[in-house]
Amino acid sequence: MKTLIVCVSVSHGNTRRVAEAMGEVLGARVVEPEEVSPADLAEYDLVGFGSGIFSMAFHPRLREFARSLPDGSRGRAFVFATSGFPAVMAPMTRLLGRKGFEVVDTFSVRAFDTFAPLKLVGGIHKGRPDAADLAAARAFATGLG
């Protein structure tokens, strides 16, 4: 199964670490949205889309990339997120569904978060994602195969 993971990781590298853990299991390349064209996605059997959550939404770069995809049959996808608080996955899964993907599963994990007021107290979830979180990401990826 040929797999690609499209990921935006900007604050602490949390999402990239999770994407790479999944990529190890899936034999997947991990790329930023700017490193792949919408047409390239047709080469893959499974595409992962992930980012940190910012103001209760996926990163704007990932959302814009997904919006730029032409409509049509696209194959299978999964969605993942890192966040200090519970992640709202439905908007991204609906968007990808409208673009023709069959979203087969979602995954989220708590991660170190220093957004706005949290920075004043040194952030929350220090040290996460940790080894257990990365093991959970690998187990999730195993289930996608």
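User: Which hand does the crossing of H1 and H5 have?
Analyst: Happy to start there. This is a predicted model, where local features need pLDDT of at least 70, side-chain atom pairs count only at pLDDT 80 or more, and totals for chains, interfaces and linings use all residues. Residues are numbered from 1 along each chain as its sequence is written, and side-chain values use heavy atoms, with hydrogens and water left out. A crossing is left-handed if the near helix is turned anticlockwise from the far one by less than a right angle, and right-handed if clockwise; for H1 and H5 the crossing is right-handed.

User: Are H1 and H5 oblique or roughly parallel to each other, and why?
Analyst: Helix H1 (residues 14-26) and helix H5 (residues 131-144) have axes 8 Å apart and pack at an angle of about 40°. Angles under 35 degrees count as roughly parallel, over 145 as roughly antiparallel, 65 to 115 as roughly perpendicular and the rest as oblique. H1 and H5 are therefore oblique.

User: How many nonpolar residues does the contact of H1 with H5 have?
Analyst: Contact means heavy atoms within 4.5 Å, and among the residues making it are Val 18 and Met 22 of H1 and Leu 134 and Phe 140 of H5. Ala, Val, Leu, Ile, Met, Phe, Trp, Tyr, Cys and Pro count as nonpolar, Asp, Glu, Lys and Arg as charged, and the others, Gly among them, as polar. By class there are 3 charged residues, 1 polar and, for the number you asked about, 10 nonpolar.

User: What is the geometry of the aromatic pair of Phe 78 and Phe 140?
Analyst: Rings of Phe, Tyr and Trp (its six-membered ring) pair if their centres lie within 6.5 Å; planes under 30 degrees apart count as stacked, over 60 as edge-to-face and the rest as tilted. Phe 78 and Phe 140 lie 5.8 Å centre to centre with 65° between the planes, so the pair is edge-to-face.

User: Is Phe 140 buried or exposed?
Analyst: Buried means under 20% relative accessible area, exposed over 50%, partly exposed in between (1.4 Å probe, protein chains only). Phe 140 has a relative accessible area of 11%, so Phe 140 is buried.

User: Which residues form the aromatic cluster?
Analyst: Phe 107 and Phe 140 form a tilted pair, 5.2 Å centre to centre with 35° between the planes. Phe 107 sits in strand E6 (residues 101-110), 33 residues apart from Phe 140 in helix H5. The one cluster is formed by Phe 78, Phe 80, Phe 107 and Phe 140.

Technical notes. Axes are lines fitted to C-alpha atoms, for helices over the stretch in contact, and angles run from 0 to 180 degrees between N-to-C directions. Helices (H or I, at least four residues) and strands (E, at least two) are DSSP runs, numbered from the N terminus.
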